[in-house]
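Hi,

Here is the structure I promised to pass on. Have a look at it first, and then read my notes below.

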Amino acid sequence: MTAIITTFKLIPARLAQQIADQIDQAGSTPMIEARIFGLLVDAGYTPEEIGPMVGMHWARVFNRLALRKLSADAQGMVDRGALSGDSGYYVAQLSPTAQADMLTRIRNGEFATENALQCAALDVQDAEEAAIPA
């Protein structure tokens with residue numbers, strides 16, 4: 001016997017779609033997307049439900065939602081375009097202290113490419129996870 005799980009929606013689908021449509025009208029920065037997706041998640045919608053509303057794969061929605069875990073400083077960098085949404089996702093996986101250290105490295109111009117920044121963030125994440133006692 002399989003269980004069917006339904007989530008209660010705080011706002012109707014029609015209104016959720018109107019909120020999702022604000023992405024196109026708001027200039028659609030990665031942080032604006034994260035904030036709008038966050039409103040929809042808080043209203044009971046899943047990334048899998050939000051994706052079709054905005055024409056994105058659910059995984060992209062999930063990655064944007066992760067940006068809400070960034071420090072206020074890092075969110076500001078994403079808002080200003082100093083940190084891409086894609087790289088912001090990797091930085092968001094780090095502890096607050098590691099995020100601050102990574103932002104300093106970004107400001108110091110340590111990374112020549114987005115890939116270098118993302119790889120460095122993954123290395124820091126691996127080191128943080130290795131430090132957690134099993």
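**What I found**

Gln 75 is buried, with a relative accessible area of 17% (buried means under 20% relative accessible area, exposed over 50%, and partly exposed in between, with a 1.4 Å probe and protein chains only). Before I go on, this is a predicted model, where local features need pLDDT of at least 70, side-chain atom pairs count only at pLDDT 80 or more, and totals for chains, interfaces and linings use all residues. Residues are numbered from 1 along each chain as its sequence is written, and side-chain values use heavy atoms, with hydrogens and water left out.

Back to Gln 75, which sits in helix α5. (Helices are DSSP runs of H or I with at least four residues, strands are E runs of at least two, and both are numbered from the N terminus.) Leaving out residues up to four places away in sequence, Gln 75 touches Met 31, Arg 35, Leu 67, Arg 68 and Leu 70; contact here means heavy atoms within 4.5 Å.

Now the overall picture. The protein has 8 helices and 0 strands. Its C-alpha atoms fill a box of roughly 45 × 45 × 20 Å along the principal axes. Of the 134 residues, 36% are buried. Among contacts between residues at least 6 apart in sequence, 58% join residues at least 24 apart.

Next, the inside. In soluble globular proteins, nonpolar side chains tend to be buried together. The largest nonpolar core here has 19 residues, and those with the most contacts inside it are Leu 70, Leu 83, Met 102, Leu 103, Ile 106, Phe 111 and Leu 117. (A nonpolar core is a set of buried Ala, Val, Leu, Ile, Met, Phe, Trp, Tyr and Cys residues joined through side-chain atoms within 4.5 Å.) Two or more residues come from each of α2 (30-42), α5 (72-80), α6 (85-92), α7 (96-107) and α8 (114-130), and α7 gives the most, with 4 residues. What does Ile 106 contact, leaving aside its neighbours within four places in sequence? The list is Met 77, Ala 82, Leu 83, Phe 111 and Leu 117. Apart from this core lies another, of 13 residues, among them Ala 16, Phe 37, Leu 40 and Leu 65.

Helix α2 deserves a look too. Its buried residues are Pro 30, Met 31, Glu 33, Ala 34, Ile 36, Phe 37, Gly 38 and Leu 40, and what covers them includes α1 (13-25), α3 (47-54), α4, α5 and α6. Just after α2, Gly 44 takes a positive phi of about 105°.

How do α2 and α4 pack? The angle between α2 and α4 (residues 58-66) is about 100°, with their axes 8 Å apart. (Axes are lines fitted to C-alpha atoms, for helices over the stretch in contact, and angles run from 0 to 180 degrees between N-to-C directions.) The two helices are therefore roughly perpendicular to each other, a term for angles of 65 to 115 degrees, with under 35 roughly parallel, over 145 roughly antiparallel and the rest oblique. On the α2 side, the contact is made by Pro 30, Glu 33, Ala 34, Phe 37, Gly 38 and Val 41, and on the α4 side by Val 61, Arg 64 and Leu 65.

Finally, the outside. Asp 24 is in helix α1 and counts as exposed at 69% relative accessibility. Pro 133, in the segment after α8, counts as exposed at 71%.

Cheers
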